[in-house]
Amino acid sequence: MDFLKADLEQLAGLGLTRSLRRHDDRPGRLIEIDGNTVLNFSSNNYLGLANHPDIVAASKEALVCGTGSSASRLVTGNLALHQELESELADFHGVEAVRIFNSGYQANIGLIACIAGDGDLIVSDELNHASMIDGCRLSRAAVSVYQHCNVDSLRECFGRAGPVRRIFVLTESVFSMDGDCAPLEQLRAVCDEFGAFLVVDDVHSLGVFGAQGAGLCAELGVVPDALVGGLGKAFGSFGGYVAGSQLLSEFLLHKARSFVFSTGLPAAVLGASIAALRVIRSVEGQARRETLQKRISQFRLCLEPLGLLETNSGFSPIFPIVVGNSTTAMNLTELLLSEGVFCQAIRPPTVKEGTARLRVSLSSLHTEEDIDTLICCLRDHCQR
Ligand SMILES: *Cc1c(COP(=O)(O)O)cnc(C)c1O
């Protein structure tokens, strides 16, 4: 298969070669890279739960059910822990039912590909995550892309649409690479006006926003027709889910191919997710959210005078430091690394062409001094 080589060489020419680093410790505030321990500003471990002792203990305890679930949940893979997690998540979101998937990626492709089909129109924010894009492709529905967070552009898509059976609007709540928030209330209103269904990927706001960490939809009182959640980010565990009506949940059980044709999540992962959910909703979770918000404010206030604060970002733990060129971004990552700070460069196709960036993500584990250290590095190397 020598033809594969040409494509990789082309990527190399564009400065888009990727490689894996090894991180044998569970990344928290610090991370070991090439033998050096540095500050970690690249994980989605917003509340520091990925190495929380109670959650690790719960995960170990769940291992009495064995390591693997052995089959699809529809065959022999359905454990009491699956049902416990689904019902606790339904309570968390105040919805009728939740269907767990094996990852956020599988939740998005499974959901979108089975609710939309031939004759339907999906209208999707231009910066939506790859898993939503792939769900659109699998669905065979017509897809129209609107300008990022722009409700007028969304309306234009509705206006341009010919006769369609149903319309679905897809958005993230907090955008994964830009850290800004979708205008969820307006999107809900426009969907209602046109009789369209609203699907919100709330993955990056769970644990961070809303009462008990129930997310941005909860904080704004917006009820999507389907909410996609993730257990691999602030939960510090693994998996994804769709929250909504009992009917939707029942439909997914029959029709979502990534649910039907994939082995159920293993017990240890479910045990961790249940324990993480309880921490997120607890007083301790609230304290972690408050610490995180303090760090976010501190970072925002320091970033602004440097000219490095992107419009509409600064309120979530995700901050893009856009540099444009992919090689420049990679070099910057290496430079910061040599000064004891890890911020992964993010390049196309993860972000739009010409918008390569450092993606800074903050965690409640960071101290005030850690944020100062990061600011000093950025001041020295990135000031515009
Ligand atoms: C990470 C992510 C996903 C996928 O979740 P996984 O559980 O990692 O597969 C889906 N949507 C968004 C917005 C994400 O950032």
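Tutor: Let's start with a word we'll need: buried means under 20% relative accessible area, exposed means over 50%, and partly exposed is in between (1.4 Å probe, protein chains only). This is a predicted model, where local features need pLDDT of at least 70, side-chain atom pairs count only at pLDDT 80 or more, and totals for chains, interfaces and linings use all residues. Residues are numbered from 1 along each chain as its sequence is written, while side-chain values use heavy atoms, with hydrogens and water left out.

Student: Why is strand β13 called mostly covered?

Tutor: Six of the six residues in β13 (356-361) are buried. Ala 356, Leu 358 and Val 360 point one way, Arg 357, Arg 359 and Ser 361 point the other way, and all are buried. By the way, strands are DSSP runs of E with at least two residues, helices are runs of H or I with at least four, and both are numbered from the N terminus.

Student: How do you know that β10 and β12 pair with β13?

Tutor: Pairing takes at least two bridges found by DSSP. Six bridges join β10 (318-324) to β13, and two join β12 (345-346) to β13, so both count as paired. Each of these pairs runs antiparallel. For example, Ile 318 is bridged to Ser 361 of β13, and Ala 345 to Leu 358.

Student: What makes β3 and β5 edge strands?

Tutor: They belong to an open, mixed sheet of seven strands in the order β3-β9-β8-β7-β6-β4-β5. β3 (97-101) and β5 (142-146) each have a single partner strand, so one side of each has no neighbour in the sheet. The twist from one strand to the next averages 20 degrees.

Student: Why is α12 called roughly parallel to α14?

Tutor: The axes of α12 (283-303) and α14 (368-382) cross at roughly 25 degrees, coming within 10 Å. Axes are lines fitted to C-alpha atoms, for helices over the stretch in contact, and angles between N-to-C directions run from 0 to 180 degrees. Under 35 degrees counts as roughly parallel, over 145 as roughly antiparallel, 65 to 115 as roughly perpendicular, and the rest as oblique. That's why α12 is roughly parallel to α14.

Student: What makes the contact of α12 with α14?

Tutor: Contact means heavy atoms within 4.5 Å. Among the residues making it are Phe 299 and Leu 303 of α12, and Ile 371 and Leu 378 of α14.
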